[in-house]
Amino acid sequence: MEQMTPVEDLNILENEVHPEMEKQVAEAAKWAKYFAIGTLVSTGMSFIVKFIAINKLGSSNSGFGNVAQIRSMAIDGSIFGDIIVLGIVIVSAMGLLNFSKKTQKAIELKDGHLLAQSFGNLKSAFLVWGICSIVLLVFFALGSLGDLRNL
Amino acid sequence: MVLISTLPIIVLIKTFFMLDEQGKEQSLFGFSLPDYGVDNLRKAAKWARFTAIVAFCIFAIATIAFIAVFMVGDAMYSGAFRFGLGVDGQMGLFVTLVVMCAFIYSFYQLLRFSALSVKYAERDRATQLGDAFKSLRMFFLVMSIYILFSLIIFFFTLLT
């Protein structure tokens with residue numbers, strides 16, 4: 001049997017706080033779901049537009065030799081970057097969607113373990129964001145170093 | 001004799017209330033949250049804080065860069081850069097400022113969620129968890145509205 005958290009202060013505030021807490025957690029889960037769906041839709045839309053643009057660019061006959069090669073390399077690099085971005089977006093959005101689904105179910109069923117799992121999903125979504133932030137900072141630092149070297 | 005016969009009943013009633021009290025002590029949202037749930041929440045809050053701090057740093061750098069670009073542009077073109085923005089330029093500037101304010105507010109809410117969740121995990125104050133999720137809701141709400149507007153602008157741009 002797992003140990004439960006000691007919530008001493010709840011004894012006094014229990015009746016006043018519980019409905020409000022349930023409401024806040026459920027609302028947060030609901031908006032997390034909207035945010036995740038919005039992120040997926042906007043990323044999907046931007047990729048569709050980008051791929052249409054790439055196809056148009058690829059089918060045009062202008063440019064030859066080195067120009068065509070550079071363009072092809074740029075498109076390949078762009079696709080590689082897009083796949084990474086898409087992976088990050090899908091993982092974080094799935095984390096948020098699972099958080100939302102499990103939280104709403106946990107509140108409905110009054111299941112503490114399901115709520116704990118939903119917090120785990122929230123953690124994984126924020127973890128992905130945090131790792132992306134670190135990567136972004138590293139790229140930013142490298143870019144700044146490159147700029148300083150050019151001065 | 002009467003006292004002895006009522007003793008089991010008194011014990012039963014007392015046990016019932018003790019059990020009820022125990023249930024109350026460990027209850028959260030009308031049910032109990034396991035230790036690993038609190039641990040997950042603490043870890044989520046710490047990563048949320050890190051993300052929010054990085055976001056604030058990026059905003060600060062972006063603001064400095066934004067001001068620098070305007071100052072350099074203004075100096076190079078002796079005021080023409082600032083006054084030559086036109087209606088579209090001024091509108092763009094206004095929209096940029098509004099978006100930045102919205103982002104700062106949303107990441108402040110994320111930071112607040114983190115701080116309150118960590119406090120809850122350390123001190124087990126139930127009221128703070130409610131406030132924490134209120135902040136998290138505000139963060140997701142502002143970000144969702146931003147995404148909705150972005151999508152509307154995106155479709156509008158595609159159509160025109």
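## The second largest pocket

About 250 Å³ of space lies in the second largest pocket of this predicted model. Helix 4 and helix 5 of chain B are the elements that each give two or more residues to its lining. Helix 5 of chain B contributes the most, with six residues.

By class, ten of the lining residues are nonpolar, one is polar and none is charged.

## The largest pocket

Now for the largest pocket, whose volume is about 1,100 Å³. Its lining is made up of 33 residues, and those closest to its centre are Ile88(A), Val89(A), Trp129(A), Cys132(A) and Met143(B). These five are a handy place to start when you explore the pocket on screen.

Sorted by class, the lining of the largest pocket holds 26 nonpolar residues and seven polar ones, with no charged residues.

## Helices around the largest pocket

Which helices each supply at least two residues of the lining of the largest pocket? From chain A come helix 1 (10-59), helix 2 (66-109) and helix 3 (112-150). From chain B come helix 2 (35-76), helix 4 (86-123) and helix 5 (126-159).

Helix 3 of chain A provides the largest share of this lining, at nine residues.

Conventions
Residues are numbered from 1 along each chain as its sequence is written. Chains are lettered from A and ligands numbered from 1 in the order in which they are written. This is a predicted model: local features need pLDDT of at least 70, side-chain atom pairs count only at pLDDT 80 or more; totals for chains, interfaces and linings use all residues. Side-chain values use heavy atoms; hydrogens and water are left out. On a 1 Å grid over the protein atoms alone, a cavity is a set of points where a 1.4 Å probe fits but cannot get out, and a pocket is an open set with protein on both sides within 12 Å along at least five of seven lines; lining residues have an atom within 4 Å of a point. Grid points are joined across faces, edges and corners, and a volume is the space filled by probe spheres set on the points. Helices (H or I, at least four residues) and strands (E, at least two) are DSSP runs, numbered from the N terminus. Ala, Val, Leu, Ile, Met, Phe, Trp, Tyr, Cys and Pro count as nonpolar, Asp, Glu, Lys and Arg as charged, and the others, Gly among them, as polar.
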